[in-house]
Amino acid sequence: MANLETSLKECLSAIDGATAAALVDYTSGMALGTLGGTKDFNLEVAAAGNTDVVRAKLRTMEHLGLNEEIEDILITLNSQYHMIRLLKSRGGNGLFLYLVLDSSRANLAMARHQLRRIESELEV
């Protein structure tokens, strides 16, 4: 099992095109850990803002009566992919991994696969 710091480092080193990663509590909007980002990209703000995305999707699923779990959410921008992966591991309830990828260097299928593996090894 990997700790938070190790998992965030692995996100950036093992996933091609990854530029930033965070573990976020979507009940509070607080980032529990971050790595990467730039002065032009405030990872704390992005992580907190994406809690609204997760909450909205969960609320919509509830209104629709969908008895499903969110695996991941992908937001595609002109030059970036933003991937949100809800934690399924024990102790991970209410948390998600947030990954920012440079779309010119990223392979989405491999990124999803690697993020799933990292999530499964994360000890919260």
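This is a predicted model: local features need pLDDT of at least 70, side-chain atom pairs count only at pLDDT 80 or more; totals for chains, interfaces and linings use all residues.
Residues are numbered from 1 along each chain as its sequence is written, and side-chain values use heavy atoms, with hydrogens and water left out.

**View 1. Five strands form an open sheet.** The order is E2-E1-E5-E4-E3, with antiparallel pairing. Strand E2 (30–36) and E3 are the edge strands, each pairing on one side only. On average, neighbouring strands are turned by 15° against each other, direction ignored. Strands (E, at least two residues) and helices (H or I, at least four) are DSSP runs, numbered from the N terminus. Two strands pair if DSSP finds at least two bridges between them.

**View 2. E3 and E4 make a hairpin.** Three residues lie between the two strands. Five bridges link E3 (residues 72–76) to E4 (residues 80–86) in the antiparallel sense. Thr 76 has Tyr 81 of E4 as its bridge partner.

**View 3. E4 also pairs with E5.** E5 spans residues 95–102 and runs antiparallel to E4, with seven bridges joining them. Met 83 has Leu 99 of E5 as its bridge partner.

**View 4. Helices H2 and H3 lie across strands of the sheet.** H2 (residues 43–64) lies across E1 (18–25), E2, E3, E4 and E5, at about 120° to E5. H3 (residues 108–121) lies across E3, E4 and E5, at about 30° to E4. Contact means heavy atoms within 4.5 Å. Axes are lines fitted to C-alpha atoms, for helices over the stretch in contact, and angles run from 0 to 180 degrees between N-to-C directions.
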